[in-house]
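Look at the sequence and the structure below.

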Amino acid sequence: MPATQRIAGVGLATISGVAVAVQSRINGELGVRLGDGFGAAVISFGIGLLVLLVLVPTSPAGRRGLVTLRTALGNGALRPWQCLGGVFGAFLVATQGLTIGTLGVAVFTVAVVAGQSGSSLAVDRAGIGPAGAHPITAQRLAGASLAVVAVLLSVSDRFDQPDTLVLAVLPLLAGVGIAWQQAVNGRVRGASGSALTATLVNFTVGTVALLVAFAIDVAVRGWPTGSLPAEPWLYLGGPIGIVFIAVAAAIVRFTGVLLLGLATIAGQVVGAVLVDLVVPTAASHPTLTTLGGAALTLVAVLIAAVAPQRSARH
């Protein structure tokens with residue numbers, strides 16, 4: 001593939017990673033205000049879906065993409081399970097609302113990174129993404145392993161707070177799902193020929209999954225105790241998610257899942273630390289261990305990113 005396309009893809013992924021850190025802060029605050037992480041996730045995904053329901057039908061590329069997608073599903077070129085990436089996007093957004101009020105953006109992001117790094121290796125090796133299979137080299141494995149060490153370092157000052165550490169498992173699992181989400185969304189984009197169409201599929205599936213989870217949450221715990229905030233910026237999580245999903249779906253065929261994930265991770269880590277420093281919350285004052293974990297994460301990204309990008313032979 002042309003080096004310029006790969007470099008441009010990495011740059012876009014890094015910028016979108018910074019946007020994800022901002023989205024995490026927004027959805028986390030919305031979850032705190034509502035007193036319900038699932039409710040915040042439904043609002044975030046729902047707004048994104050409404051925007052897409054306007055954009056896709058009014059866009060020629062979007063309309064063509066929907067027709068092409070239906071054809072691809074009909075002839076078997078795209079499997080129905082490959083359209084379920086939105087379930088993992090929904091889980092990520094839900095964990096933002098459920099945990100960031102306690103963990104802070106930086107610790108949340110490092111936990112996501114650890115899960116995403118390891119999962120990206122497996123997804124790339126299996127060839128689930130549109131770029132095909134990539135081997136698990138010692139260098140890539142070292143980078144992914146170092147990312148796991150980084151998350152342990154970032155939460156090391158909270159080992160005496162077991163409840164907090166249990167919460168960190170949720171973004172860790174969300175990170176595992178992100179790699180698979182990026183891979184299958186890339187497949188949908190390839191089958192439909194439209195990143196916007198792939199994003200609509202992602203948000204539709206994710207919104208349905210969140211509505212089910214929210215209904216169960218309300219049945220068990222009752223209606224959220226908080227109220228809808230008046231600040232407009234707290235409703236921007238969905239539109240930011242549109243940009244992130246669309247960029248990932250468009251460029252994963254140039255970068256592969258691992259390199260896409262690593263570039264996104266770099267942006268997330270830098271963005272998360274900046275957000276926690278510039279707009280801190282009661283739970284998000286980065287300590288030296290948090291900053292050390294973030295720095296180690298960037299080292300892990302660099303180690304894995306400079307590994308040769310070879311396709312695996314089967």
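**Helix packing and charge pairs in a predicted model**

The axes of helix H4 (residues 85–103) and helix H8 (residues 195–221) come within 7 Å and cross at roughly 55 degrees. That angle makes H4 oblique to H8 (under 35 degrees counts as roughly parallel, over 145 as roughly antiparallel, 65 to 115 as roughly perpendicular, and the rest as oblique). Axes here are lines fitted to C-alpha atoms, for helices over the stretch in contact, and angles run from 0 to 180 degrees between N-to-C directions.

This is a predicted model, in which local features need pLDDT of at least 70 and side-chain atom pairs count only at pLDDT 80 or more, while totals for chains, interfaces and linings use all residues. Residues are numbered from 1 along each chain as its sequence is written, and side-chain values use heavy atoms, with hydrogens and water left out.

**Overall make-up**

- The protein has 10 helices and zero strands; helices (H or I, at least four residues) and strands (E, at least two) are DSSP runs, numbered from the N terminus.
- Along the sequence, the pattern reads α-α-α-α-α-α-α-α-α-α.
- The protein has 314 residues, and 53% of them count as buried (buried means under 20% relative accessible area, exposed over 50%, and partly exposed in between, with a 1.4 Å probe and protein chains only).
- Among contacts with a separation of 6 or more, 86% are between residues 24 or more positions apart; contact means heavy atoms within 4.5 Å.

**H4 with H8**

- H4 passes H8 in a right-handed crossing (a crossing is right-handed if the near helix is turned clockwise from the far one by less than a right angle, and left-handed if anticlockwise).
- On the H4 side, the contact involves Gly85, Gly86, Val87, Ala90 and Ala94. On the H8 side, the residues are Asn202, Val205, Gly206 and Leu210.
- The residues of this contact of H4 with H8 divide into five nonpolar, four polar and no charged. In this scheme Ala, Val, Leu, Ile, Met, Phe, Trp, Tyr, Cys and Pro count as nonpolar, Asp, Glu, Lys and Arg as charged, and the others, Gly among them, as polar.

**H2 with H4**

- Helix H2 (residues 37–58) packs against H4 at an angle of about 130 degrees, with the axes 8 Å apart.
- H2 and H4 are therefore oblique to each other, and their crossing is right-handed.
- H2 contributes Gly37, Phe38, Ala41, Ser44 and Phe45 to the contact. H4 contributes Gly86, Gly89, Ala90, Val93, Ala94, Gly97 and Leu98.

- Val56 is found in helix H2, and with a relative accessibility of 0% Val56 counts as buried.
- Leaving out residues up to four places away in sequence, Val56 touches Gly62, Arg63, Leu66, Leu196 and Leu200.
- Val56 and Ser194 are 138 residues apart in sequence and 9.7 Å apart in space, C-alpha to C-alpha.

**Salt bridges**

- Side chains of opposite charge can pair when their charged atoms come close.
- A salt bridge is a side-chain nitrogen of Lys or Arg within 4 Å of a carboxyl oxygen of Asp or Glu, and by this rule the count comes to five salt bridges.
- One of them joins the side chains of Glu29 and Arg25 at 3.3 Å, N to O. Glu29 and Arg25 are four residues apart in helix H1 (residues 3–34), a separation of about one helical turn.
- Glu29 is buried, with a relative accessible area of 17%, and Arg25 counts as buried at 10% relative accessibility.
- Glu231 and Arg33 meet in a salt bridge at 3.1 Å, N to O. This pair links distant parts of the chain, 198 residues apart: Glu231 is in the loop between H8 and helix H9 (237–278), and Arg33 is in helix H1.
- Glu231 counts as partly exposed at 27% relative accessibility, and Arg33 is partly exposed, with a relative accessible area of 30%.
- Asp36 forms a salt bridge with Arg221, with the closest N and O atoms 3.1 Å apart. Asp36 lies in the loop between H1 and H2 and Arg221 in helix H8, so the pair ties together parts that are 185 residues apart in sequence.
- Asp36 is buried, with a relative accessible area of 2%, whereas Arg221 is exposed, with a relative accessible area of 54%.
- Salt bridges that share partners join Arg25, Glu29, Arg33 and Glu231 into one network.
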